[in-house]
Amino acid sequence: MTAAKQPVWDVVALGEALVEFNQTRPGEPQYLQGFGGDTSNAVIAAARAGARTAYLTRLGSDAFGQALLDLWAREGVDTSAVERDAQHPTGIYFVTHGAAGHEFSYLRAGSAASRMAPAWLQDASANGPATVLQQCRILHVSGISLAVSASACDTAYEAMRVARAAGARVAFDPNLRLKLWPLARARACIAHAVSLCDIFLPGLDDMAALLGLHDADAIADWGHAQGAATVVVKLGADGVLLSSADPAVPRQRVPGRSVALVDATGAGDCFDGNLLARLALGDDLAAAVAYANTAASLTVQGFGAVAPLPTAQQVRAVMPGL
């Protein structure tokens, strides 16, 4: 960013938001209605961490779309550039729980968000997507942002290009969902996205499924080879691995926190949003990761993707010396 043009937003995210129905007891037909969509979860997490945030998406002109707009308004996430679609619905999904963990079932085919197209980003009006992208510190997109449709994939790539051209950093989480697209396409599209990002945020399980990589160091090496300057490998309960493309900066492992797991839905999104918020607010990478690690350990102690996302006050309460 130039000195004459300070960014308006700390963290902007682009993707698809959905209404969530989360099973409260395994095997029983009882669901808690909430909200989801990985980049939406992440931008709400960033807002609760104290960042100035905005979201870019398309919603149906339906009750679910209005519910999401109301959610973002309550959370302080700007939605000036969100587009409504009278012809296509807002997506929804269900989360069920069993011995193997949580499973997602989607009703999102043909959704309003899947109709995103690069031309939408050309709107440079005061509240248009192009203006938002040009006025942010960090843009966050994910593999799901790419997977919902070919046009959405192209839109995400264009958003990454526009943001970087304006001086922003771009963060990318592969967040692999093979129900949404074939593995070969996922590999190609995710590799290209990594080449366009500054901060790569893979999870260990995703990279094992995507590329057969089971080692955090090998994942970091792959991310750097694609072009990412910073790689943060999420290892679940084992914490994270931090890696820089600068050979003078040693790799660092940050251990996880031991907590009682209730629901892991959205834990990676919580980590991403808090990490990016703290980076945008001036933390160095190690400090931002420590903060995000703590935030993620808090969110898994509640149900749903959004409700248990912690505030900055809640994170600081369990971080000695912060």
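Reader: What caps the N-terminal end of α8?

Author: Asp 215 does: one of its side-chain oxygens lies 3.0 Å from the backbone nitrogen of Asp 217. Helices here are DSSP runs of H or I with at least four residues, strands are E runs of at least two, and both are numbered from the N terminus. This is a predicted model, where local features need pLDDT of at least 70 and side-chain atom pairs count only at pLDDT 80 or more, while totals for chains, interfaces and linings use all residues. Residues are numbered from 1 along each chain as its sequence is written, and side-chain values use heavy atoms, with hydrogens and water left out.

Reader: Which residues of α8 are buried?

Author: Buried means under 20% relative accessible area, with a 1.4 Å probe and protein chains only. In α8 (residues 216–226), Ala 216, Ile 219, Ala 220, Trp 222, Gly 223 and His 224 are buried. Their cover includes α6, α7 and β13. Just after α8, Gly 227 has a positive phi of about 130°.

Reader: How do I read the sheet, and what is the order of its 9 strands?

Author: Strands of a sheet pair through backbone hydrogen bonds, either parallel or antiparallel. Two strands count as paired if DSSP finds at least two bridges between them. This open sheet has mixed pairing and runs β6-β4-β1-β10-β11-β12-β13-β14-β15. Its edge strands, β6 and β15, each pair on one side only. Strands β1 and β4 run parallel, joined by 4 bridges, and Val 11 stands opposite Thr 53 in β4.

Reader: What is Leu 275 in contact with, beyond its neighbours within four places in sequence?

Author: Contact means heavy atoms within 4.5 Å. The partners of Leu 275 include Leu 201, Val 232 and Val 289.

Key: Buried means under 20% relative accessible area, exposed over 50%, partly exposed in between (1.4 Å probe, protein chains only). A polar contact is a pair of N or O atoms within 3.5 Å; within protein, one must be able to donate a hydrogen and the other to accept it, and residues adjacent in sequence count only if both atoms are side-chain atoms.
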